[in-house]
Amino acid sequence: MTAPQQPEDFAHWLFHQDCDFVKGVVGVKHLPPPDMMEIAFAGRSNVGKSSLINALTNRKTLARTSNTPGRTKELNFFNLGHQLMVVDLPGYGYAKVAKKVVSNWTGLIFDYLRGRVNLKRVFVLIDSRHGLKDTDIKMMEELDKAAVTYQLVLTKVDKIKAAELEALINKIQITIKKHPACYPKILNTSSVKKTGIDELRKIIAELVHEA
């Protein structure tokens, strides 16, 4: 089936295409060729990254979820309908993993972010129950340096009260003003309640449609 031309139809079509695991990468020399637009998902370990990717792609087990934070040690690439490469970055900020391992993961992430010409946007996931942590700020600073456009996505918003969520958003918006590469709109999501999933799909589809 040919991809629809209207943006709203394209979003629905895109996320009902096959989404297949391509490869897991442990070094930049093993990256797939940059011949397709990419978006990437980054976030602290246990932020709900795998659950969000699964919700977006209508899959239950596409991205591996685990009760043990820090299990994703690779850059995992998924081909969505031969239109887009979705990249699941290793979780960062998990203290119980050996420092050398954490350093290797962090180095891999930053090497990828600095040198990937086809990377359109990074979605940085923030657990709404905890807000921005120092490791999140470091990630934002690295993205600013790399001049990679990124957008903050709050996860697990079903687990906090509406007033707490509003206060958190207001606080984060103040921080965003200090980060030139950060897209100003904050997205609120819940993989369990499917909150914000359609909005995030639409944003991603618009990026593909405009490419």
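Student: How many helices and strands does the secondary structure of the protein come to, and which residues make the contact between helix H2 and helix H6?

Tutor: This is a predicted model, in which local features need pLDDT of at least 70 and side-chain atom pairs count only at pLDDT 80 or more, while totals for chains, interfaces and linings use all residues. Residues are numbered from 1 along each chain as its sequence is written, and side-chain values use heavy atoms, with hydrogens and water left out.

The protein has 6 helices and 7 strands, where helices (H or I, at least four residues) and strands (E, at least two) are DSSP runs numbered from the N terminus. Along the sequence they follow the pattern α-β-β-α-β-β-α-β-α-β-α-β-α. Of the 211 residues, 51% are buried, meaning under 20% relative accessible area with a 1.4 Å probe and protein chains only.

Helix H2 covers residues 49-56 and helix H6 residues 197-210. Their axes, lines fitted to C-alpha atoms over the stretch in contact, come within 10 Å and cross at roughly 75 degrees, with angles running from 0 to 180 degrees between N-to-C directions. H2 and H6 are therefore roughly perpendicular to each other, a term for angles of 65 to 115 degrees. From H2, the contact (heavy atoms within 4.5 Å) is made by Leu52, Ala55 and Leu56, and from H6 by Ile197, Leu200, Arg201 and Ile204. These residues divide into 6 nonpolar, no polar and 1 charged, where Ala, Val, Leu, Ile, Met, Phe, Trp, Tyr, Cys and Pro count as nonpolar, Asp, Glu, Lys and Arg as charged, and the others, Gly among them, as polar.

In H2, 7 of 8 residues are buried: Lys49, Ser50, Leu52, Ile53, Asn54, Ala55 and Leu56. Their cover includes E2, E4, E5, E6 and H6. After H2 comes Asn58, whose phi is positive, near 60 degrees.

In H6, the buried residues are Ile197, Leu200, Arg201, Ile203, Ile204, Ala205, Leu207 and Val208. The 14 residues of H6 should span 20 Å at 1.5 Å a residue, and the end C-alpha atoms are 20 Å apart, which agrees; the expected span is 1.5 Å times one less than the number of residues.

How values were computed
Angles under 35 degrees count as roughly parallel, over 145 as roughly antiparallel, 65 to 115 as roughly perpendicular and the rest as oblique. Buried means under 20% relative accessible area, exposed over 50%, partly exposed in between (1.4 Å probe, protein chains only).
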